[in-house]
Amino acid sequence: QVQLVESGGGLVQAGGSLRLSCAASGLTFSRNAMGWFRQAPGEEREFVSSISWLGISTDYADTVKGRFTISRDNAKNTVHLQMNSLKPEDTAVYYCAARGGSMSRSQYDYAAWGQGTQVTVSS
């Protein structure tokens, strides 16, 4: 059982940066692969990034690769998503998620979810 709470969203101009954080609680956190997903109104939830439980491996959607960086600090039970060079199409609610297995791009593989944090990028 892992509980997740996202923070750090907000309104930013195109080209700006935001750093999202996900605070986790639960004894199994350190062995959970973590993922970031996002969902815009009327659209499906889409994969953004994931990281292995030790942080050795990472994965990024093509739309964010080179602009976003995922990281984790298991000592602090936190996962971060550094978002640079933001574009209006990045506007969405961002969710962090945890699963007991390997990294995955499928939302259906994740059992624990945060409440989401809104990211709005203006032109």
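S85 lies in the loop between β8 and β9, where strands are DSSP runs of E with at least two residues, numbered from the N terminus. The model is predicted, so local features need pLDDT of at least 70 and side-chain atom pairs count only at pLDDT 80 or more, while totals for chains, interfaces and linings use all residues. Residues are numbered from 1 along each chain as its sequence is written, and side-chain values use heavy atoms, with hydrogens and water left out.

Although S85 is not a glycine, its phi is positive, at about 50 degrees. Most residues other than glycine have a negative phi. With 41% relative accessibility, S85 counts as partly exposed; this class falls between buried (under 20% relative accessible area) and exposed (over 50%), using a 1.4 Å probe and protein chains only.

N77 also has a positive phi, near 55 degrees, and is a residue other than glycine. N77 is found in the loop between β7 (68–73) and β8 (78–83) and is partly exposed, its relative accessible area being 26%.

## Disulfide

One disulfide is counted, a disulfide being a pair of cysteine sulfur atoms within 2.5 Å. The bond joins C22 to C96, with an S to S distance of 2.1 Å. The torsion about this S-S bond is about 60 degrees, so the disulfide is right-handed. C22 lies in strand β3 (residues 18–25) and C96 in strand β9 (residues 92–99), so the pair ties together parts that are 74 residues apart in sequence. C22 is buried at 0% relative accessibility, and C96 is buried at 0% as well.

## Salt bridges

Four salt bridges are counted, each requiring a side-chain nitrogen of Lys or Arg within 4 Å of a carboxyl oxygen of Asp or Glu. Among them, R105 and D59 meet at 2.7 Å, N to O. This pair links distant parts of the chain, with R105 in the loop between β9 and β10 (112–113) and D59 in strand β6, 46 residues apart. R105 is partly exposed, with a relative accessible area of 45%.

The side chains of E46 and R38 form another salt bridge, at 2.6 Å, N to O. E46 is partly exposed at 34%, whereas R38 is buried at 5%. D90 pairs with R67, the closest N and O atoms being 2.8 Å apart. D90 lies in the loop between β8 and β9 and R67 in the loop between β6 and β7, 23 residues apart. Both D90 and R67 are buried. Salt bridges that share partners join R38, E46, R67 and D90 into one network.

Terms used:
Helix = DSSP H or I, 4+ residues; strand = E, 2+ residues; numbered from the N terminus.
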